[in-house]
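Q: I'd like to learn how to read the features of a model like this one. Could you take me through it?

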Amino acid sequence: MINDNNKDCCRSKKGVACRWLWLALGLVGLMVIAIAATSGLPWKPVYEVRYEFRVRNFRKNVEGHEYALRNMDAMGSYGLSRYMEAQPVDDGLTRKLKYDDTEKITLCVRGDDSAAVAQYAAKLYEQALDTLQRFGDTLFAHVAEVLRENGEEEALVAVETDLASHANYVDLLNGAELPQAHKTPSRAAVLLWSLVAGLLFAVAVCVLKGRRKDNEGC
């Protein structure tokens, strides 16, 4: 009888140790995920403005008439992002440009002064728009000339309509939240709250499992 009690006690202690081991491993895993997920956040709160946009497909209105763009380089999202990367950054600000597989450009500007952040981001975005507008108008003027010479009246109408209306060559994806600067959360605070939330959840799970096993034993 004593031996049975000792065995039950050992199994109970091992079960508790096992649960706490899984708790520790879970917290370590959670922190690794949280650190990776917050890699883009600054350690202290700063002001941030993001512009997310794509460059219009310049070949859209001349589809089937590729000869009109022969020997002409059509600037895309990648080319525009490289152009923006070459521009100077105002003192006291940081700038990051990202170009992804969907051809979306993300311009992120951060700093301690909300007005300076918003003004610089807007200035750089407008500068990029102006450069792309001049490029697009020049490109389509050439396309219109080629189409006119070849008697492609239907395609010519679409191109000339864009030229006359000064069509926008950029699709801004997050215009509703611009141009205001928003304060970023602190990375340290996010990691701390992630740790606390994970700890509370893990403890709750361990307690519930322990009660269930005790009830099964009864």
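Q: Which strand does strand 1 pair with, and in what sense?

A: Two strands count as paired if DSSP finds at least two bridges between them. Here strand 1 (residues 47-55) pairs with strand 3 in the antiparallel sense, over seven bridges. Y51, for instance, has L107 of strand 3 as its bridge partner. The strands and helices themselves are DSSP runs (E of at least two residues for strands, H or I of at least four for helices), numbered from the N terminus. One caveat before we go on: this is a predicted model, so local features need pLDDT of at least 70 and side-chain atom pairs count only at pLDDT 80 or more, while totals for chains, interfaces and linings use all residues. Residues are numbered from 1 along each chain as its sequence is written, and side-chain values use heavy atoms, with hydrogens and water left out.

Q: How do I read the two faces of strand 3: are they covered or open?

A: In a regular strand the side chains alternate between the two faces of the sheet. For each residue you then ask about burial: buried means under 20% relative accessible area, exposed over 50%, and partly exposed in between (1.4 Å probe, protein chains only). In strand 3, I105, L107, V109 and G111 lie on one side, T106, C108 and R110 on the other, and they are all buried. That makes seven of the seven residues of strand 3 (residues 105-111), so the strand is largely enclosed by the rest of the structure.

Q: And the hairpin of strand 2 and strand 3: which residue there takes a positive phi?

A: That's E103, with phi near 70°. The hairpin has five residues between the strands. E103 sits in the loop between strand 2 and strand 3, and the positive value is found here in a residue other than glycine. With 43% relative accessibility, E103 counts as partly exposed.

Q: How many salt bridges does a search of the whole structure find?

A: The test is a side-chain nitrogen of Lys or Arg within 4 Å of a carboxyl oxygen of Asp or Glu. By that test the search finds eight. Take D112 and K44, whose side chains meet at 4.0 Å, N to O. D112 is in the loop between strand 3 and helix 3 (114-149) and K44 in the loop between helix 1 (2-37) and strand 1, so this pair ties together parts that are 68 residues apart in sequence. Both D112 and K44 are exposed.

Q: Where do the partners E52 and K104 lie?

A: Their side chains form a salt bridge at 3.9 Å, N to O. The pair links distant parts of the chain, with E52 in strand 1 and K104 in the loop between strand 2 and strand 3, 52 residues apart. E52 is partly exposed, at a relative accessible area of 22%.

Q: How many residues apart are R82 and E85 in helix 2?

A: They're three residues apart in helix 2 (residues 77-85), which puts about one helical turn between them. Elsewhere, salt bridges that share partners join E48, R50 and R110 into one network.

Q: Is N174 buried or exposed, and which residues is N174 in contact with?

A: At 7% relative accessibility, N174 counts as buried. N174 lies in the loop between strand 4 (170-172) and strand 5 (182-183). Contact means heavy atoms within 4.5 Å; leaving aside neighbours within four places in sequence, N174 is in contact with R50, Y51 and E52. The side chain of N174 reaches the backbone oxygen of R50 at 2.8 Å, and a polar atom of that side chain lies 3.0 Å from the backbone nitrogen of E52.

Q: Which residues does the cis peptide bond join?

A: L178 and P179, with omega at about 5°. P179 is in the loop between strand 4 and strand 5.

Terms used. A polar contact is a pair of N or O atoms within 3.5 Å; within protein, one must be able to donate a hydrogen and the other to accept it, and residues adjacent in sequence count only if both atoms are side-chain atoms.
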